[in-house]
Amino acid sequence: PPAVVIDNVLISMSGKTVTVTVLRKWRLSATVAPFPFGSLNRKKVLININIEPLYDAAHDAVAPHGIIGQSFDGDDVGVDGKRDLARAEETTTEAQAEGAIEGNWRDYLLSSNFATDFKYSRFDATSAAPRDVSSLTGEKHAYKPASVANGKEAHGDFVGSSDSEDEEMLL
């Protein structure tokens, strides 16, 4: 299907991937992938998400935040939060990234479906510094973009790459 452009947003679909690009800002891709152990997980799929800044997000006047956005803080430090270690036939998740995010998961709850207000909201802000990684309690390590780790060239210091033939138009 042809791409759809609304103002500065381009929406395209290729195979099982939908891509939303905010021109010169962000590219988000969502791809449907098979659930592991398909015979045990009939009618279940995973959605793999890739978010790529198309500009120097780490030095924006309003630094990205939220559960995903705060990882774009430009400090070259990765932080691993709490993880569930239990492996059983059925498991209830307990870990909520404690140590890798500012505050706790409850600080990111919204008051309604279309709300933008939460403890660390940057919506309508004109300036906001990135998170202070030194205040996080998770295990810290040198950040290495996945695209570099996989032997591919990275876009600056950020994870992700584009296979788009229309990349010049999108940037």
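Trainee: Which side chain does the side chain of threonine 19 make a polar contact with?

Mentor: That would be serine 29, with the two side chains 3.3 Å apart at that polar contact. Keep in mind that we're looking at a predicted model.

Trainee: Okay, and what else does threonine 19 touch, leaving out residues up to four places away in sequence?

Mentor: Leu10, Ile11 and Ser12, and then Arg27, Leu28 and Ser29.

Trainee: Is threonine 19 buried or exposed?

Mentor: Buried. Its relative accessibility is 14%, and the cut-off for buried is under 20%, so threonine 19 counts as buried.

Trainee: Which strand is threonine 19 in?

Mentor: Strand β3, which covers residues 17-22.

Trainee: Let's zoom out to the sheet. In what order do the strands come?

Mentor: It's an open sheet of 5 strands, running β1-β2-β3-β4-β5, and the pairing is antiparallel. β1 (4-6) and β5 (45-53) are the edge strands; each has a single partner, so one side of each has no neighbour in the sheet. On average, neighbouring strands are turned by 15 degrees against each other, ignoring direction.

Trainee: How many bridges are there between β1 and β2?

Mentor: The two pair over 3 bridges, in the antiparallel sense, with β2 spanning residues 9-14. Valine 4, for one, sits opposite isoleucine 11 in β2.

Trainee: New topic: how many aromatic pairs does the structure hold?

Mentor: There are 3 aromatic pairs. One of them joins tryptophan 26 and tyrosine 55: the ring centres are 5.8 Å apart and the planes meet at 90 degrees, so that pair is edge-to-face. It links distant parts of the chain, as tryptophan 26 is in strand β4 (residues 26-34) and tyrosine 55 is in the loop between β5 and α1 (66-69), 29 residues apart.

Trainee: And how are tyrosine 108 and phenylalanine 118 arranged?

Mentor: Their pair is tilted, at 5.7 Å centre to centre with 35 degrees between the planes. Both residues lie in the loop between β6 (77-80) and β7 (139-142), so the pair ties together parts 10 residues apart in sequence. Tyrosine 108 is buried at 11% relative accessible area, while phenylalanine 118 is partly exposed at 23%. Ring pairs also bring in Tyr120, making a cluster with Tyr108 and Phe118.

Trainee: Last one: where does pLDDT stay under 50?

Mentor: Over residues 148-171, for which the model has 47 contacts beyond four places in sequence. For the protein, the mean pLDDT is 81, and 84% of the residues reach 70 or more.

Definitions and conventions. Residues numbered from 1 in each chain as written. Predicted model: local features only at pLDDT ≥ 70, side-chain atom pairs only at ≥ 80, totals over all residues. Heavy atoms only, no water. Helix = DSSP H or I, 4+ residues; strand = E, 2+ residues; numbered from the N terminus. Buried < 20%, exposed > 50% of the residue type's maximum accessible area, 1.4 Å probe, protein only. Polar contact = N/O pair within 3.5 Å; in protein donor to acceptor, adjacent residues only side chain to side chain. Contact = heavy atoms within 4.5 Å. Pairing = 2+ DSSP bridges. Axes fitted to C-alpha atoms, helices over the stretch in contact; angles between N-to-C directions. pLDDT = per-residue confidence, 0-100. Phe/Tyr/Trp six-rings, centres within 6.5 Å; stacked < 30°, edge-to-face > 60°.
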